[in-house]
Amino acid sequence: VLIAMVLSNIVDYLTNAIIASKYIRYRVIDQIVDILPILLISLALGAVIYCIYSYYHTHWLVLSIIYMTMYIVINYTIKSKTLLDIVELIKRITVRY
């Protein structure tokens, strides 16, 4: 079931990416290159979280906090444009309110 879901999501993504590439001139390869760092970091952290859970059987909430913390630290360390954009959006929102 999990493999079918993954394959279904990949086909869905490719379909949407191809349609988007025709309308906004954003090639599928460029889209994949843009999301690849995020995907690789998420997969690596997912493997780490899986290992932690397998060894310690930690509660899912603790694992979620560990994952988010590690994700932010790694993105901050590599000066990820995505993280910088999110921080900028949060600053803009908090300044308005």
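**Reading the pocket and the fold**

Modeller: From the N terminus on, the elements of this chain run α-α-α-α. Keep in mind that the model is predicted.

Colleague: How many helices and how many strands are there in the chain?

Modeller: The chain has 4 helices and 0 strands.

Colleague: Where does one look for empty space?

Modeller: Rolling a probe the size of a water molecule over the atoms shows where empty space is left. In this structure, the largest pocket holds about 250 Å³ of space.

Colleague: Which residues line the largest pocket?

Modeller: The lining is made by Asn9, Ile10, Tyr13, Leu14, Ile32, Ile35, Leu36, Leu39 and Leu43. By class, 8 of the lining residues are nonpolar, 1 is polar and none is charged.

Colleague: Which helix gives the most to that lining?

Modeller: H2 does, with 5 residues. Helix H1 (2–24) and helix H2 (28–56) each supply at least two lining residues.

Colleague: Now the whole chain. How does its radius of gyration read against a compact globule?

Modeller: The chain has 17 Å, while a compact globule of 97 residues would have a radius near 13 Å. Along the principal axes, the C-alpha atoms fill a box of roughly 50 × 45 × 25 Å.

Key: Residues numbered from 1 in each chain as written. Predicted model: local features only at pLDDT ≥ 70, side-chain atom pairs only at ≥ 80, totals over all residues. Heavy atoms only, no water. 1 Å grid on protein atoms, 1.4 Å probe; cavity = no way out; pocket = protein on both sides within 12 Å on 5 of 7 lines; lining within 4 Å. Points joined across faces, edges and corners; volume = space filled by probe spheres on them. Nonpolar A, V, L, I, M, F, W, Y, C, P; charged D, E, K, R; others polar. Rg over C-alpha atoms; globule rule 2.2 N^0.38 Å.
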